[in-house]
Amino acid sequence: MEKEAVATRSEGTARHSFSISKITFPLLPFFTFVGFFLLWPILAVTIRSLKGNKNEWTLENYRPLIHGSYFHAFLVSIKLASITALIGALLGGLFAYVIVNSAGPKLTSVLDSISAVFANSGGVPLAFMFIAAFGTEGLFTKFLKVLGWDIYAGKFTLFSFTGVAIVYSFFQIPLMILVFKPALKGLRKEWSEASTNLGASPITYWRRVVIPILTPSFLGAFFLLFAGGFSAYATARAMTVGTVPLVPIIIGTLVDGNVISNQANLGDALAVGMIIVAAIAMSGYLFAQRRANRWRSA
Amino acid sequence: MTIFVVSVLAILIFVLPLVAASEFSFRGAKGMGHSFTNYIWLIHQDGFSEHILTSLQLAVLSGLLNLILMVPTAVLLHLKLAKWRSLVEFICILPLIIPVVSLAIGAQVSMPKFIQNSQYELVCFFVIIALPFTYRALDAALSSIDIKTLVEASRSLGASWPATIVRVIIPSIKGGITSALFLSFALAIGEFTITSLLHWDTFPTWAVVAAQQNILGAIALSVFSFVGAVLLMVLIALFSNRKRSKTNSKLEEVAA
């Protein structure tokens, strides 16, 4: 909102335009690059997912997605993404709150870069770190055993749904810290002072001011985390050797070559299916973001 | 009190796995004693340094390509082409919407052979995947200064366009440029998904193969890549922070 206002204002003042160059369309490099390396691949995979073996238009490739094992894989992926996004949003939100309110600028910038590394971590390094900590021979497993809690007494393994969910939280929490911190910084001190002056207790301040203001940003961050968890590939690939059916892994196996001839375009349909699910989550993010920006324009 | 509880929780979640992995990584042969055995094993693996170099090279290239493409685009959007801003902003969010797995399939379907046969195609896709973060970094830097006034001032004092770009625009958004560079570099150096699905070999994909041979070695490899990445990032962050405050104070001097 604010940005738009600034943009229109500055456009008004700068009527005497600069003679930047005589290039008719200076954004051409950007649009060419994005068009070729982003939009064209997506368009191509969408078109191919709608083609049959004889190059005819068909929806046949999408049929396996709505029932049976592929449908189940979508459900498992969505469940994993929702649970880990929720854990990430709650714990990451708490950590971000503490960092914003009690860390100095230097510590904050160090914590920021650590969060950036952890949020982008995944794959083999992450998997083996958790094997060292929570595997059957893991240090933490042994420590808990001494305390009398054998985490392997039941059905738990690190390579089950629960195990993968724990590992995913490891990158969801720092991602939440990164995306939620700006919203927390936007909480003005004056608001808390004003509500105290008007006689509100801290609980009322939280219930009537903080939570309503932060809810859109929080939901937005949740959707962002969901999209990230839903499409995560490296970690799942390192941890689940077919133990947990996840859509990205299935696509990866199809790409790696073991394709049955009549399923040639199935991978394309799965890829487009993933885009659809992620797009729904991200439109939630964009909508929430717009609501959140209302408060910043004030 | 809250701070204490939260710190303990954070340590439990983030530090313990690292500590456990470090302990394992220093175990000696057959798990007896502690030594550097596993790290020595790691360094002597075939292709260790080659793949690190490949990854560094791709990361540097994608950082540079990102700047060449995005700095002029972002500056132009702020200076002159404000009406295109919402479209570019939307395009720059797309890589968050489109799962990398789907982009990889699309790339296999659509890219011409001569591109598919070069590992530098990865540089282009790394730039695409980093787009949401680099655009936001540059946009934030440009929004925090009044670039139009600065450019007008510089031009009316007789500076040429190249001088304005080198001595006014770039210094005043240096913070944004460093963080854009830093983000795209970090992303490229650890990228696994599209690299592996397009069948290229970089350090992260090499690590998967190396990890299958020796579990203690694999844990050493994990600690190595984690600690290496954290150190690199913290160093760059501290360095760029210092620079940023310097340019800020210079600008303030100019303003005063």
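In which hand of crossing does α3(B) pass α7(B)? Let's go and see; this is a predicted model, where local features need pLDDT of at least 70 and side-chain atom pairs count only at pLDDT 80 or more, while totals for chains, interfaces and linings use all residues. Residues are numbered from 1 along each chain as its sequence is written, with chains lettered from A and ligands numbered from 1 in the order in which they are written.

**Stop 1: two helices in chain B**

Helices here are DSSP runs (H or I, at least four residues), numbered from the N terminus. The crossing you are looking for is right-handed, meaning that the near helix is turned clockwise from the far one by less than a right angle.

Now show side chains. On α3(B), the contact includes B:L58, B:L65, B:N66 and B:M70; on α7(B), look for B:F126, B:A130, B:T134 and B:L138, among others. Contact means C-beta atoms, placed from the backbone, within 7 Å. The residues of this contact split into 16 nonpolar, 4 polar and 1 charged (Ala, Val, Leu, Ile, Met, Phe, Trp, Tyr, Cys and Pro are nonpolar, Asp, Glu, Lys and Arg charged, the others, Gly among them, polar).

**Stop 2: B:T134**

Is B:T134 buried or exposed? Buried, because 28 other C-beta atoms sit within 10 Å (20 or more is buried, 12 or fewer exposed, partly exposed in between). Leaving out residues up to four places away in sequence, B:T134 touches B:N66, B:M70, B:A180, B:L183 and B:S184.

**Stop 3: where the chains meet**

Bring up both chains. Their contact takes 67 residues from chain B and 66 from chain A.

**Stop 4: domains of chain A**

Finally, colour chain A by its automatic or database domain assignment: domain 1 is 23-58 and domain 2 is 65-296. Their C-alpha centres are 30 Å apart, and each gives 6 residues to the contact between them.

Conventions: Two residues are in contact if their C-beta atoms, placed from the backbone, lie within 7 Å.
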